[in-house]
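These are my notebook entries on a protein chain that I looked through piece by piece.

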Amino acid sequence: MNGFDHFEALAEQLVEGTFERLFRPRLHPGEVARRLARAMEDGHVAGAGEQVLLPNRYWVFLNPDDLAALEAGGAALDVELMRYLQVLASQSDARFGGELRVALHTRAGLGPGQLEVRAGYGSEPGGTGDTQGVQVVTQSAADPGRWSLQLGERFFALGEPVVRLGRALSNDVILEDRRVSRRHAQLRWRAGGYHLSDMGSSSGSSLNGRPVQPGQEVPLAEGDVIGLAGLILKVHVRGGQPTA
């Protein structure tokens, strides 16, 4: 079981009580748990020795009506979220890279039941008071949006932590080619970049002409060429700096 699977399994166990009550009925608690687990996993770094450091700043963006409904119930949602993250960290033998904080915000562009989670590392120089300036560098959240795939004259914008490619309509990138399997390949955001893996397709996947072995995750970079059953997709990464 890899790191993400471990976090996700813990997340599913933890949300059956408080979170099931807090998020019913507009937002499913399992999705919130998975998104937080992904943000935690994607932002982790190696610390001293074998210690794993986790992001200590988390931002949850919600539909305005969703957040209003939660606040109307009188639940201290940010406190519950921090408790949840602390349990995940303790059960994973990891620690946060500073004082843990969770902030909730509304975003008009998000529909009912939709959410966005960002994670990063922050510090408060010169004291711990609320008026002190906070320096935060977000990781993973802003960067995926600069990535896209090109198929001929078509471009597919990426941006999600996990992007599935295939012929089935349930995929994020739908490839209407009979040579492509229904669930052919997957891109997963890890440590600042997308990684390609084959999902057990009948004809396999390749990167720059080299086959991607079953169970293998191969990092991608600007200009890489992904082959899916003879279908060619080129990787593009727009310039710019991550959001600070």
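**Cores.** I looked up the largest nonpolar core and found 24 residues in it, with L149, L175, L187, Y194, L196, L220 and I226 making the most contacts inside. A nonpolar core is a set of buried Ala, Val, Leu, Ile, Met, Phe, Trp, Tyr and Cys residues joined through side-chain atoms within 4.5 Å, where buried means under 20% relative accessible area, exposed over 50% and partly exposed in between, with a 1.4 Å probe and protein chains only. At least two residues of this core come from each of β8 (147-151), β10 (162-166), β12 (185-190), β13 (193-198), β17 (225-228) and β18 (231-237). I also noted a second, separate core of 22 residues, which includes L54, L67, L85 and A89.

**Source of the model.** This is a predicted model, in which local features need pLDDT of at least 70 and side-chain atom pairs count only at pLDDT 80 or more, while totals for chains, interfaces and linings use all residues. Residues are numbered from 1 along each chain as its sequence is written, and side-chain values use heavy atoms, with hydrogens and water left out.

**Helix α5.** Helices (H or I, at least four residues) and strands (E, at least two) are DSSP runs, numbered from the N terminus. I found that α5 covers residues 77-91, and that its 15 residues reach 21 Å from first C-alpha to last, close to the 21 Å expected at 1.5 Å a residue, the expected span being 1.5 Å times one less than the number of residues. Its buried residues are L77, L81, M82, Y84, L85, L88 and A89. Seen down the axis of α5, these fall within an arc of 160°, so they line one face of the helix; the arc is taken from the directions from the helix axis to the C-beta atoms.

**E116.** Is E116 buried or exposed? With a relative accessibility of 19%, E116 counts as buried, and I located it in strand β6 (residues 115-123). Its side chain makes polar contacts with the side chain of R107 at 2.6 Å and with that of R118 at 2.8 Å. A polar contact is a pair of N or O atoms within 3.5 Å; within protein, one must be able to donate a hydrogen and the other to accept it, and residues adjacent in sequence count only if both atoms are side-chain atoms.
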